[in-house]
Amino acid sequence: MAETFGVHIRKRCTGLALAGCIIVLVTVFGFIIRHNQLLTGVETGLLRYIGQAPQWMHGVSAVIAHSFSTIGCFVFLGIGAVLEVLLLRHYYPKTLSIRRAVLIRRTVLADILVAFAPMLYVMAVKWIVMRPRPITSVGNALLPWDPSFPSGHTSVASLVAVMVWLITAHWKNLSIAGVRADNADKNIGSTKALDDHTVRLLCNISRTISVILVIIVACSRLILGLHYPTDVLTAAVAYPLLAYAVWLIVQSFESR
């Protein structure tokens, strides 16, 4: 018991330390690049070059801009939550009764917290750093009203990726355990809709697609000239790291 308690304390401390480091480093980095005229000039030149992309890329980027907006953030989060509930209902045995519903609700809410909590920091640090939008964004009808650093759209894509990784992690674990909702007598069942190898393959494919999605959204912001490269790069790197820190903290509070 004491050893288990120590493990959870270490997780909590690690998560808090990691979250604190990311928050401080990203905020400081934001102020540094905001006042670095040389870097701003280099990034602006790069944006002008990327902005010469074919017109169809601009069209696709515009669709992405609408899809991964603030509203899209909540839509994707809701879709992820529904998919996770369906997955857990399928695998958790009905014999758990009320405890089954509690486990599903607690798991889904915890994952929503892990995926969404970093977004709160992203929204806050935007107004703390107040980095102006690139000059290439002037006159763009898709220009958001908030500051540039870090990229909110890339953060929404990262949120989707985090949800995918969390859901597939549950899928892998439950598939390996062989837990099925239609097993009325025990938690470990022998019947499986998909074998473990297929589940692992599908999970890996889903995770790869989610990472590619983040890259595509990040590139779309550069094509439209609405963000500096450092804006999207920071969001793509810091968001999952901060989500991992939150996950460690949440795991440390799980009931023993």
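Let's start with arginine 133, which sits in the loop between H5 and helix H6 (152–177). Helices here are DSSP runs of H or I of at least four residues, numbered from the N terminus. Keep in mind that this is a predicted model: local features need pLDDT of at least 70, side-chain atom pairs count only at pLDDT 80 or more, and totals for chains, interfaces and linings use all residues. Residues are numbered from 1 along each chain as its sequence is written, and side-chain values use heavy atoms, with hydrogens and water left out.

Is arginine 133 buried or exposed? Buried, with a relative accessible area of 16%. The cut-offs are under 20% for buried, over 50% for exposed, and partly exposed in between, with a 1.4 Å probe and protein chains only.

What does arginine 133 touch? Set aside neighbours within four places in sequence, and its contacts include Lys126, Asp146, Arg221 and Tyr228. Contact means heavy atoms within 4.5 Å. Aspartate 146 lies 13 residues apart from arginine 133 along the chain, and their C-alpha atoms are separated by 8.7 Å.

Next, helix H3, residues 55–67. Its 13 residues should span 18 Å at 1.5 Å a residue, and the end C-alpha atoms are 19 Å apart, which agrees. The expected span is 1.5 Å times one less than the number of residues. His58, Ser61, Ile64 and Ala65 are buried in H3. Down the axis, the buried residues fall within an arc of 120°, so they line one face of the helix. That arc is taken from the directions from the helix axis to the C-beta atoms. Gln55, Trp56, Val63 and His66 are exposed on the other side of H3.

Helix H4, residues 70–91, has 22 residues. First C-alpha to last, H4 reaches 32 Å, close to the 32 Å expected. Its buried residues include Cys73, Glu84 and Tyr91.

Last, cavities. A search of the whole structure finds two of 30 Å³ or more. A cavity is a set of points on a 1 Å grid over the protein atoms alone, where a 1.4 Å probe fits but cannot get out; lining residues have an atom within 4 Å of a point.

Technical notes:
Helix = DSSP H or I, 4+ residues; strand = E, 2+ residues; numbered from the N terminus. 1 Å grid on protein atoms, 1.4 Å probe; cavity = no way out; pocket = protein on both sides within 12 Å on 5 of 7 lines; lining within 4 Å. Points joined across faces, edges and corners; volume = space filled by probe spheres on them.
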